[in-house]
Amino acid sequence: MEAFNNYKSADWRTSFESKLTVESSLLYEEYTGHIEKSGNDQHQYRLIRLPNNLTALCVQDVEAKEAAASLSVNVGSNANPAELLGLAHFLEHMLFLGTEKYPDEGEYDVYLSSHSGSNNAYTSFTETNYHFSVENGALEGALDRFAQFFISPLFNKDRVDRELNAVDSEHKGNLQSDSWRFYRLMSSISNTKHPFSWFSAGNTETLKGAAEELGLDLHEELIKFYHKYYSADVMRLVVVGNHSLDVLSEWVASKFSDVKSKGNTRPVVDGHPIGKAELGKLIHYKTVREKYELELQFSLPDLKSTYGEKPFDYISTLIGHREPGSIYSVLRKNGWATAIFAGSDGLLYDGFSTCFIGVTAMPEGLENYEAIVSIIFGYINMLVESGPQEWYYQELALTSKAEFDFKKKVDAENYAVSLSSEGLSQNIPPHQVLSHGSLHTGFNADLISKCLSYLNPSNYRLFIGAQEHKAVECKLEEKYYGVLYHIADLPSRLTSDVKCSPSVAKMLHLPSRNIYLPGSLSVTKPVTPVDKPAVEPVLLRKNDKFEVWFKQDDQFFTPHGHIGLTISFEYVDNSPVNHLLSTLFCSLVSAELQEQLFSALLANNNFYVTAREGSINVDVTGFSSGLPTLLKTVLQKLKTFKVDAQQFSIYRDKIERMIQSQRQNNPLSLLYRQLGAVNVVPAFDLEMLEGALKDMTLDGLQKHTELLFSKAYVKMLVSGNYDQSVALEASNQVLDILQFQPASRSSINVHRILDIEPGYYTQIVPISDQKCLNSAVVCTFYCGSVYDT
């Protein structure tokens, strides 16, 4: 497949100067160019390269409560030998079993846990990532132990079977996961000569069993794999701590310079996993849970060179748009779908990419899948004919830049993982290691048009998922997850010149300009400077209907805010039926608001309407200037909402499927749900909710909605980039819109923790999913004083 001809490898050679560490005079190279960073980012950065070609980013955070490190190896399941599937993942498990310097296999874990730390790792198609967090004072010791795994690991042969069991157990834990099953099915029917199609997780059969069958020593093959691929040249390290950059550089150089350089060992795989032979297919597959899914998957060339222009940000947000004129709007009006999403995996793979358009459908939607496909291509045709719109691109760029300029702080470990995994990629120029994911480098109409050209009827395959299929019999079975499926050629009417009906085509159009784009980004600071941030909010107003709390941002000084309401009613949660009706009400309101306010979501202003613990909660978050208007729109919808019969039926069925699907949850999730039913009143178990489903009627919901807002008590919290006057104005707006009478506080159904009598209690929860191979145990200790509030 033709690659994008504007591709240029990032320059990681110039602007690096030789330096010596302060304490030990160890040689390294330091990037001396400017690194783009957020104006709100108080971290200090130093990008260095060691003599062995290992790249590292040292991050000083003087306010860090913990330190962290992440090392990404640019080798993943794409390096698995065809005869030992899962070897890369198995290596991830075997690596931390002691080193020559620290031979005790548990020493690393003990050291971290004794210093409030933890560690984890993951293996993807192109990467294996190892990371940890620890107290700042213990960072040097943790780094020393961590580095040794990439210098002199022992790979204790006595632990092979134990770690094999861990890998096998991990695989079995995912056997009933629909997301894992779909990914495996999708990859398995790709080009069988490409590693993307191979089973990547590994299990006892593909590792130990395959090795024995071939007369291989699995332990020796593991060590060969490590020595072949684990080279400093393909390693990217990020270290975060409150220590100075000189100290962090010293530690990195002294501890990681001995990692061996073997050249660029990154696996290079030719070809595309989804070629001509794999395209043009219609795949029906069975799901574990009751759900209805439709996904179009398109074959694309490697998109890494487009990281700056971000053409698929433009394309995917338009295809996934929800306001009038969108695909979603048409599908929702027909009662065919409750969600649509689109995206690409442009930075995940080497040498190829894919684009996906997914629809969360209703049963009627799957029955009309051909019409849905035609609507999707009708919308894409409209985008092509309209041409790339610079104004829309600039809206996305403006929002992303505003979010980047006032970037929020994330915890040290997640920050280290994201930077090592993506930021230090050799496809990203050094000066953009922090900004590449956020900043748009410029509108490129030709590039957008070229990307759109790949979304055509001759360049996709179609997946349809459901528990049962009327049209076909799923007789084929995927080997490792047991997914039953049926595969056939797409009908010709879906592979060439696919068009929607003229009446539908008239309904499809570009969205209007976004009125929720960040307005004023000025920051409101306290009138009187504070020595230290306030710990608690202050109460501004309280009466028999309302209480208003306020907490001004006196620490971060960003143009963000949050307005939250807890609206307590007499009827929200006093029975299983009312509990379900309140949940249904919130789902219907949220669905209508999604269509009305999708532009607000694109502008990073979010809203949430949820039923929880005897109340309905309303939250709006994002850039502070637009939140009062957003809150007004949400409250008006709550107050004036009228139940639509078609949407009632759709979302009632969705809630029923959600309740029933909870029986397919993994054992640990089942236990935690049951634990809530044991400890809290009122609580409704699955049997009670299933029994109440028959009483959920259209008329009952409308009456329930009218009763909700007759009497209430509201708690409101306004926090962030505001002063008290804004909080009081917002509270007046709530009262003016909702127009409710005060509820009797004694009649509001408050959730309370049960007072458990001393003793030892055991409850056995049966697993209804007979295909689930796992078990779980939860042990709860009740301690402390008993008191009421």
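User: Which side chain meets that of Asp-178 in a salt bridge?

Analyst: The model is predicted, so local features need pLDDT of at least 70 and side-chain atom pairs count only at pLDDT 80 or more, while totals for chains, interfaces and linings use all residues. Residues are numbered from 1 along each chain as its sequence is written, and side-chain values use heavy atoms, with hydrogens and water left out.

The side chain of Asp-178 meets that of Lys-291, at 3.9 Å from N to O; a salt bridge here is a side-chain nitrogen of Lys or Arg within 4 Å of a carboxyl oxygen of Asp or Glu. The pair links distant parts of the chain, 113 residues apart, since Asp-178 belongs to helix 5 (residues 178-188), whereas Lys-291 sits in the loop between strand 9 (281-286) and strand 10 (293-300). Helices (H or I, at least four residues) and strands (E, at least two) are DSSP runs, numbered from the N terminus.

The two partners can also be described by their accessibility, where buried means under 20% relative accessible area, exposed over 50%, and partly exposed in between (1.4 Å probe, protein chains only). Asp-178 counts as buried because its relative accessibility is 12%, and Lys-291 counts as partly exposed because its value is 25%.

Another of them joins the side chains of Arg-493 and Glu-370, at 2.7 Å from N to O.
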